[in-house]
Amino acid sequence: MPLNAIYKEAQEKMHKAVEAVDREFNSLRTGRASTALVDAVHVEAYGTKMPLKQVATISTPDSRTIMITPFDKSQIHPIEKAITVANLGLTPNNDGKVIRLSIPPLTEERRKDIVKLAKKYAEEGRVAVRNIRRHGMDEIKKIEKEHEITEDDLEKAKHKLQEITDKYVKEVDDLVERKEKEVMEV
């Protein structure tokens, strides 16, 4: 496997690891309304389980409310039930046409718990990036053992792979720092 292919594969995998951390962060309740909070909700509709966004429009009319408008009004009760079963810690308010989810303000203790969880997700992301680096290093060493590259090229390749790793670890650090600010602001 040529060096450029190793770098490219490592970058793609590291990018996916960072995206996974970002998705985890989006699922954290920050006291601000976000449609991502209901992404995992599945509704029993038309004889099958479907993601909520396939049976309703989801919007945030203000920073404390998520509004769910079913495409088919007959689905309002199954949607309400699915939200309750999903255990989001939010109580659906059904007016017959739309469902509103009010996001209560977070307590200081809950904010600290969320930050702690965000840091845990970030560390898992960093570990994933480092594991990808380790795999890349193994590939580079294998190429060197097969005498396809020189020792100097080996050192340059290790350095380049470390630079790529540092870039993605910094992306994870930036994400967690932004999330911490978002959670802690009142």
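Q: How are two packed helices described, and how do the axes of helix α1 and helix α4 cross?

A: Two packed helices are described by the angle between their axes and the distance between the axes. In this predicted model, the axes of α1 (residues 3-26) and α4 (residues 151-184) come within 10 Å and cross at roughly 10°. That makes α1 roughly parallel to α4, as angles under 35 degrees count as roughly parallel. Axes are lines fitted to C-alpha atoms, for helices over the stretch in contact, and angles run from 0 to 180 degrees between N-to-C directions. Helices (H or I, at least four residues) and strands (E, at least two) are DSSP runs, numbered from the N terminus.

Q: Which residues in α1 and α4 meet?

A: Contact means heavy atoms within 4.5 Å. Among them in α1 are L3, Y7 and F25, and α4 contributes residues including A157, L161 and K179. By class, this contact of α1 with α4 has 14 nonpolar, three polar and five charged residues. Ala, Val, Leu, Ile, Met, Phe, Trp, Tyr, Cys and Pro count as nonpolar, Asp, Glu, Lys and Arg as charged, and the others, Gly among them, as polar.

Q: How many bridges join strand β3 to strand β4?

A: Two strands pair if DSSP finds at least two bridges between them. Five bridges join β3 (residues 56-62) to β4 (residues 65-70), and the strands run antiparallel. They form a hairpin with two residues between them. I58 has I68 in β4 as its bridge partner.

Q: Is T65 buried or exposed?

A: Buried means under 20% relative accessible area, exposed over 50%, partly exposed in between (1.4 Å probe, protein chains only). T65, in strand β4, counts as buried at 12% relative accessibility. Leaving aside neighbours within four places in sequence, T65 is in contact with residues including A33, S59 and R100.

Q: Which residues and atoms are used?

A: Residues are numbered from 1 along each chain as its sequence is written, and side-chain values use heavy atoms, with hydrogens and water left out. Local features need pLDDT of at least 70, side-chain atom pairs count only at pLDDT 80 or more, and totals for chains, interfaces and linings use all residues.

Notes: Angles under 35 degrees count as roughly parallel, over 145 as roughly antiparallel, 65 to 115 as roughly perpendicular and the rest as oblique.
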